[in-house]
Amino acid sequence: MATVDEPLYPIAVLINELKNADVQLRLNSTRRLSTIARALGEERTRNELIPFLSENNDDDDEVLLAMAEELGVFVPYVGGQEHAHVLLPPLETLCTVEETCVRDKAVESLCRIGSQMKENDMINWFIPLVKRLAAGEWFSARVSACGLFHIAYPSAPEMLKTELQAMYSQLCQDDMPMVRRSAVSSLWKFAATVEPAHLKNNIMTMFENLTQDDQDSVRLLAVEGCATLGKLLEPQECIERILPVIVSFSQDRSWRVRYMVADQLSELCQAVGPEPTRMDLVPAYMRLLRDNEAEVRVAAVGKVTKFCQILNPELAIQHILPCVKELSLDSSQHVRSALASVLMGMAPVLGK
């Protein structure tokens with residue numbers, strides 16, 4: 001990325017190179033967009049450079065990725081937050097491309113720009129962009145939209161907030177698994193911006209539907225968010241609505257989901273508290289340590305010291321230690337190796 005003290009030489013050459021047939025020249029020039037912008041000045045950047053980039057049909061992913069990254073720090077070059085909205089059109093286009101890393105960078109840049117925009121401009125420019133992407137014909141646009149709701153929502157008036165919640169709910173039920181995966185991945189960020197009443201009703205309903213998804217790739221992403229979502233809820237609400245989901249996931253038909261539960265279990269215990277951990281998560285953890293799939297047992301064994309630290313020594317000795325003894329004779333060398341790597345850490349935890 002260009003630095004402020006870079007010499008402002010042959011700007012015309014850099015601009016021409018943006019259209020060059022040579023990919024490397026286009027890439028080099030794209031990485032120096034801020035140099036071009038400083039030379040052109042704020043007004044010409046707004047009126048000439050940004051429209052040119054909006055109409056740019058470059059098909060090289062590396063060039064598009066560099067453009068998405070550069071535009072994220074372009075607010076000062078277009079005249080500050082008052083004119084930040086002019087950067088939205090080229091980034092909106094980048095949100096619809098096929099390459100995932102380009103879309104992700106465009107979403108990241110839009111979040112950065114949106115967080116600097118005035119509330120009125122958010123309502124007039126940013127929220128309509130989110131709505132267009134969410135209703136996009138191509139799945140790529142809808143995937144990108146999911147990562148923008150948490151930026152758009154706080155600035156929205158009440159009526160628009162209701163509409164945004166409804167749109168997110170639709171994305172959670174999208175026909176394309178890629179969209180549902182994106183929706184569940186971004187749900188925790190969106191949930192953190194939503195009012196408590198809507199969190200308990202609308203967001204939790206979306207979450208509970210996603211935990212029942214027929215795609216294990218969606219369900220395992222839901223596991224990742226259980227702890228984060230649990231911390232947003234009142235303790236009792238967390239026990240009533242998150243704990244049953246964790247227990248269910250620990251017996252999921254997909255080993256990949258069970259693996260994710262084993263990997264995340266210590267964080268999940270912290271979210272629900274000591275008593276539910278003792279009553280419900282200790283039995284769940286014991287099942288994971290005895291899982292049919294070696295990969296799940298490896299993940300569970302890797303967390304045994306952390307899990308025992310959450311329990312009191314008596315509970316750990318009574319329930320977890322017998323499982324550990326069994327695993328020392330496991331048929332999988334990977335399980336035995338994983339156990340060997342954590343075994344010494346257990347001694348001080350158990351007081352032995």
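Helices here are DSSP runs of H or I with at least four residues, numbered from the N terminus. Helix 7 (100-114), helix 9 and helix 12 (177-191) each contribute at least two residues to the lining of the largest pocket. The largest contribution is that of helix 12, with 6 residues.

The model is predicted: local features need pLDDT of at least 70, side-chain atom pairs count only at pLDDT 80 or more, and totals for chains, interfaces and linings use all residues. Residues are numbered from 1 along each chain as its sequence is written, and side-chain values use heavy atoms, without hydrogens and water.

A pocket is an open set of points on a 1 Å grid over the protein atoms alone, where a 1.4 Å probe fits, with protein on both sides within 12 Å along at least five of seven lines; lining residues have an atom within 4 Å of a point. Of its 14 lining residues, Thr100, Asp104, Val143, Ser144 and Ser182 are the closest to its centre.

The protein averages a pLDDT of 87.

Ser155 lies in the loop between helix 10 (149-152) and helix 11 (158-172). Ser155 counts as buried because its relative accessibility is 14%, with buried meaning under 20% relative accessible area (1.4 Å probe, protein chains only).

Technical notes
pLDDT is the predictor's confidence in each residue, from 0 to 100. Buried means under 20% relative accessible area, exposed over 50%, partly exposed in between (1.4 Å probe, protein chains only).
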